[in-house]
Amino acid sequence: MYRFFILSCMALTATLSACSTTKQAPDTSIKTSSVIAPEERKLAYAGDDAAPRMSGWHHLAGRTLEVSSLADLKLQDKEVILSFDDGPIPGRTDKVLAILDRFGVKGAFMMVGEMAAMHPALARKVAEDGNTIGSHTYDHANLSSLDFDAAMAEVIKGELAVTKATGTDVSFFRFPYLAESHRLRAAIAMRDLVVMDVDIDSKDYFATTPASVTQRTMDLLHKRGRGIILMHDIHKRTATMLPTLLSDLEAEGYKVVTLKFKKTQAPNNLVASADFVTTR
């Protein structure tokens with residue numbers, strides 16, 4: 001039974017290796033043991049040159065933005081939203097939470113339903129820490145490969161699993177692999193879910209160094225000036241690079257916006273286009 005559990009975890013981890021339509025090298029940093037038993041919580045990792053120790057007060061937290069659709073999601077210059085896909089996973093998500101807490105900022109966590117069901121205590125902590133909660137289907141299915149009914153069943157199953165695990169309403173959704181359709185977007189919006197797209201893809205799912213991920217993210221941000229940053233809380237390199245990324249953002253005067261869902265009186269029948277160019 002224990003051997004079957006380990007094999008199941010390995011298979012699930014492989015499925016969640018990335019959220020991009022671009023082919024990439026596998027992430028060998030995720031070990032089965034990190035799924036079963038949380039790693040020690042620490043913010044400066046042995047051998048990680050890109051992870052500075054953090055101390056003192058930070059001034060990175062920005063405003064709270066209430067949205068009921070993407071039409072409301074308008075960022076000002078030097079404003080960013082930190083989004084994390086594919087978790088929660090012990091040993092990774094908890095480190096991301098600790099780093100966000102040290103900097104006094106919140107993120108938007110797009111959880112895979114199956115992962116939330118496997119780790120409900122960690123999923124609940126993400127919500128209790130004041131982060132934005134979203135869903136990312138139940139098992140990270142490529143919805144473009146399914147018929148409409150099957151795709152919506154996957155969306156709803158994931159939404160219900162994340163709601164049950166976190167104990168809070170799920171108000172945001174992101175398409176796995178960013179594989180979408182107008183029909184699916186409209187149907188998801190009818191469920192009062194805000195579809196979260198991507199302005200800046202950190203590509204932290206590439207098997208590369210944490211420093212490279214930070215540099216790529218900042219280079220893209222310099223070109224846009226603001227936007228939704230895509231990261232993944234299942235990768236070790238993401239937790240490793242995050243302190244440096246946040247330090248760079250703070251040093252350059254950026255602010256991290258916290259997302260909050262605003263309920264509308266009437267059903268939301270329209271899905272607005274995002275004010276960005278999606279990188280894929």
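Which residues of helix α7 (residues 182-189) are buried? In this predicted model, they are L184, R185, A187, I188 and A189, where buried means under 20% relative accessible area with a 1.4 Å probe and protein chains only. Helices (H or I, at least four residues) and strands (E, at least two) are DSSP runs, numbered from the N terminus. The buried residues of α7 pack against α6, β5 (172-173) and β6 (194-195), with contact taken as heavy atoms within 4.5 Å.

Residues are numbered from 1 along each chain as its sequence is written. As the model is predicted, local features need pLDDT of at least 70, side-chain atom pairs count only at pLDDT 80 or more, and totals for chains, interfaces and linings use all residues, while side-chain values use heavy atoms, leaving out hydrogens and water.

A loop comes next. D147 sits in the loop between β4 (132-135) and α6 (148-166). This residue, D147, is exposed, at a relative accessible area of 51% (exposed means over 50%). The D147 side chain reaches two backbone nitrogens: that of D149 at 3.3 Å and that of A150 at 2.8 Å.

Now to a pair of helices. Helix α8 (residues 210-224) packs with helix α9 (residues 236-251) at an angle of about 40 degrees, their axes lying 8 Å apart. That makes α8 oblique to α9, oblique being the class left after angles under 35 degrees (roughly parallel), over 145 (roughly antiparallel) and 65 to 115 (roughly perpendicular). In α8, residues including V213, T217 and L221 meet residues of α9, among them M241, L245 and L249.

Notes:
Polar contact = N/O pair within 3.5 Å; in protein donor to acceptor, adjacent residues only side chain to side chain. Axes fitted to C-alpha atoms, helices over the stretch in contact; angles between N-to-C directions.
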